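Please read it alongside the sequence and the coordinates.

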Amino acid sequence: MSSINVFARWRPLSQPEDKHGEIHRKTLSDCPPLLAVSVNPQASAEGRSWVSSPAFHAIFEPGDNNHTVYNDVVAPNIPKILQGENCSVFAYGHSGSGKTHTILGYDYDCQNSQKLGLCLAAAKQLFDALHGLNEKSEGEKLGIGLSLFELRNKSAFDLLNHRNQCHIREGPDGKVHIRGETEILEGGKVRVRPIVQRLCWTFESFQHELIQAISQRTTGSSTVHEQSSRTHAVFELEIISQSLIDARHALFDRQSELVPVGKRATDIRIEEESKGVIRTADGCWAPNPNSRIDQERIDVAEAEKAQYEALVTAAEQNIEAILEASAFPCLGVKMVFVDLAGAEFYDDNGSRPQTVRQTPQERQEGRQINTDLLALKQVMGAWAEGQKRIPFRSSTLTMALREHFMSAGKGNSTIIVTISPATEQYKATLNSLKYASLVGAARV
Ligand SMILES: Nc1ncnc2c1ncn2[C@@H]1O[C@H](COP(=O)(O)OP(=O)(O)OP(=O)(O)O)[C@@H](O)[C@H]1O
């Protein structure tokens, strides 16, 4: 079994692409249940077809709408989420191939559910399911916490907090944390806020938050079109309850109280230990016979630090206890959608197509996007093959997505490779298919 479910989606030919014609393509079903694809720049170019490995769970045709894609790709994950499994869905493809159309859609009106992007359609189905659970339960109500950030040029930006810059750090626990602003509070307390999570108790409030946030997404010119998303956007939907959120806030408070106490203990230790040595005439350090370390002062400071550390541990355990005691296995479970920035592609001779003008900054961003996507490709390949060392640290994108890979479990990650049927984009389409073929063919 492959650990990543791979789908391909052909988009319709756009009007300007019409004159150059369509890639000749065939879906092959020789190895059920997986499909392969054969492509050829033109129907007449016999003998030059490239054939993928049997890697695809389904291949969507240009006439298939978002609703069809949702039913095949995302809907089977909803029962898994409700049973307590994390899931993630990535859209990968070159610029202009239809990633944003798939993940977000360009029509957010939920009356027209045929066009709704996968993220909103999933939220709608999840809210329907949560509503059923909430009705039956006497206890706490469940909702969805939405977080949304984009990655651009090695930085992360919080779209639910005025695009504030966030920092991606690996913590002492080995987990990657995405942190927002650092606040200095009274008494030297330091609070490093996590990225904003909006609590939504109805689909309508979720939809409102999402639409507001995505209006802040960055667009620019790619080598293909002028409204290209120049960032990787990560949409995180977490099943939450009020007591889980309150417990997390309590943990942040305890962590911020620990910071000045921990710093004081470290300062006192350094101060006392430095009394115990003196500098000799030749510039070396030697024990100071006239000074005595005040061990009691160090011990008092360390004891105070230990008290505050215990409070942090208790707050962490409280979160664990809330999750374990919940009647709902889905509490704290995440569904993540990633709309990757479009890979830039070049002509055979390495030059860019002349269709769209790019600024030097956009060209630089294009190179960074390609570097990120290459790193992601390597991570997906290593992860799909079950390798021990997965190169998550090789880019900000893979660092930020590390937790999603680690927590999604085998079989719960999906990649939709969006592809264009335009002959002029054959090379880029072929690249995307080769990549998908590689990931989909990997077995564990
Ligand atoms: N399956 C589809 N059906 C109809 N229109 C589509 C489809 N896929 C893409 N399009 C249209 O093609 C254009 C480009 O699509 P989109 O913006 O989703 O590309 P993208 O891959 O997100 O590009 P970029 O990475 O540069 O942002 C849009 O106008 C979109 O509406």
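S437 lies in helix α10, where helices (H or I, at least four residues) and strands (E, at least two) are DSSP runs numbered from the N terminus. The model is a predicted one, in which local features need pLDDT of at least 70 and side-chain atom pairs count only at pLDDT 80 or more, while totals for chains, interfaces and linings use all residues. Residues are numbered from 1 along each chain as its sequence is written, and side-chain values use heavy atoms, with hydrogens and water left out.

With a relative accessibility of 8%, S437 counts as buried, a term that means under 20% relative accessible area, as against exposed at over 50% and partly exposed in between (1.4 Å probe, protein chains only). Once its neighbours within four places in sequence are set aside, S437 is in contact with W50, S52, S53, A55 and F56, contact meaning heavy atoms within 4.5 Å.

Strand β6 has a different setting. Six of the six residues of β6 are buried, so the strand is largely enclosed by the rest of the structure. C87, V89 and A91 point one way from β6, whereas S88, F90 and Y92 point the other way. Strand β6 pairs in the parallel sense with strand β18 (residues 334–339) over five bridges, and it is also joined by five bridges to strand β19 (residues 413–419), again running parallel. S88 takes part in both pairings, standing opposite V336 in β18 and having S413 as its bridge partner in β19.

In an unreviewed entry, UniProt lists G93, H94, S95, G96, S97, G98, K99 and T100 under "binding site"; UniProt positions are given in the numbering used here, feature names are shortened, and annotations may be inferred rather than shown by experiment. Among these residues, H94 lies in the loop between β6 and α3 (99–103), and S95 lies in that loop as well. H94 is buried, with a relative accessible area of 2%, and S95 counts as buried at 1% relative accessibility.

A search of the whole structure finds three aromatic pairs, two of which are tabulated here. Rings of Phe, Tyr and Trp (its six-membered ring) pair if their centres lie within 6.5 Å, and planes under 30 degrees apart count as stacked, over 60 as edge-to-face and the rest as tilted.

| Pair | Arrangement | Centre to centre | Angle between planes |
|---|---|---|---|
| F7 and F60 | stacked | 6.1 Å | 20° |
| Y92 and Y435 | tilted | 4.4 Å | 35° |

F7 lies in strand β1 (residues 4–10) and F60 in strand β5 (residues 58–60), so their pair ties together parts that are 53 residues apart in sequence. F7 is buried at 6% relative accessible area, and F60 is buried at 2%.

The charged end of R163 sits over the ring of F157, 4.8 Å from its centre, and that of K124 over the ring of F203, 5.9 Å from its centre.

Finally, UniProt lists residues 298–325 as "coiled-coil region" in an unreviewed entry. Over this stretch the chain is 100% helix and 0% strand, with end C-alpha atoms 40 Å apart. Helix α7 (residues 295–325) has 31 residues, which at 1.5 Å a residue should span 45 Å, and its end C-alpha atoms are 44 Å apart, which agrees; the expected span is 1.5 Å times one less than the number of residues. In α7, I298, A301, V312, A315, I319 and I322 are buried, and what covers the buried residues of α7 includes α6 (242–275).

Technical notes: Lys NZ or Arg CZ within 6 Å of the ring centre and 35° of its normal. Pairing = 2+ DSSP bridges.
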